[in-house]
Amino acid sequence: TNVSRETNMAEHNEIGKIGEKVAQTFLMKHGFTITSLNYRTKFGEIDIVAKKDNRLHFVEVKSVKVRNFEEIDTLRVKPEDNLTWAKWKKFVTTVEIYLKQYNQGNLGGVLWQVDLACVYINTEIREGRVKLLENVHK
């Protein structure tokens, strides 16, 4: 069973990478400028930092594999369910570190929000759909 677990992990990572690319393309098509990808600190990672209308968007990408896009609204486990409270706290800490670096420690005047890009990937037809949940809070 170890082999199948490794295969699943590899596939999971692959789906994550594909999801991030799909989300990036989606954001650019919708007028966002990508300023940073996979920003890492010891606390966590921000998948995408983008800018639109003078506001920074910290985008967490959550991807799932689907057989068809009609089932998106009826999924038992939705992509956003994977953003746990613990992950959220690490994410917000990472955002604060980014903002301090970005703005040389001065947090006044920077408008920002956290968005969640839920990416649904149909591997059979090699297509992805994005549902952007804007300004999410826990």
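Q: Is Glu-127 buried, exposed or partly exposed in this predicted model?
A: The relative accessibility of Glu-127 in this predicted model comes to 36%. Buried would require a value under 20%, and exposed a value over 50%. Because 36% falls in between, Glu-127 counts as partly exposed.

Q: With which residue does Glu-127 form a salt bridge?
A: The cut-off for such a pair is a side-chain nitrogen of Lys or Arg within 4 Å of a carboxyl oxygen of Asp or Glu. For Glu-127 the closest N and O atoms of the pair are 3.8 Å apart. The partner counts as partly exposed at 39% relative accessibility, and this partner of Glu-127 is Arg-129.

Q: Which element gives the largest share of the lining of the second largest pocket?
A: The second largest pocket holds about 160 Å³ of space, and its lining includes Glu-11, Ile-15, Asn-122 and Glu-127. The elements giving two or more residues to that lining are helix 1 (2–29), strand 4 (111–122) and strand 5 (127–133). The lining divides into four nonpolar, three polar and three charged residues. The largest share, four residues, comes from helix 1.

Q: Which element gives the most to the largest nonpolar core?
A: This core has 22 residues, and among those that touch the most other members are Ile-46, Phe-58 and Tyr-98. Two or more residues come from each of strand 2 (45–52), strand 3 (55–65), helix 2 (85–102) and strand 4. With five residues, the element that gives the most to this core is helix 2.

Q: How many residues does the second, separate core have?
A: In the largest nonpolar core, Phe-58 is one of the residues that touch the most other members, and the contacts of Phe-58 include Ile-46, Phe-91 and Trp-112. The second core is separate and includes Ala-50, Val-59, Val-61 and Ile-121. Its number of residues is 13.

Key:
Residues are numbered from 1 along each chain as its sequence is written. This is a predicted model: local features need pLDDT of at least 70, side-chain atom pairs count only at pLDDT 80 or more; totals for chains, interfaces and linings use all residues. Side-chain values use heavy atoms; hydrogens and water are left out. On a 1 Å grid over the protein atoms alone, a cavity is a set of points where a 1.4 Å probe fits but cannot get out, and a pocket is an open set with protein on both sides within 12 Å along at least five of seven lines; lining residues have an atom within 4 Å of a point. Grid points are joined across faces, edges and corners, and a volume is the space filled by probe spheres set on the points. Ala, Val, Leu, Ile, Met, Phe, Trp, Tyr, Cys and Pro count as nonpolar, Asp, Glu, Lys and Arg as charged, and the others, Gly among them, as polar. A nonpolar core is a set of buried Ala, Val, Leu, Ile, Met, Phe, Trp, Tyr and Cys residues joined through side-chain atoms within 4.5 Å. Buried means under 20% relative accessible area, exposed over 50%, partly exposed in between (1.4 Å probe, protein chains only). Contact means heavy atoms within 4.5 Å. Lists of a residue's contacts leave out its neighbours within four places in sequence.
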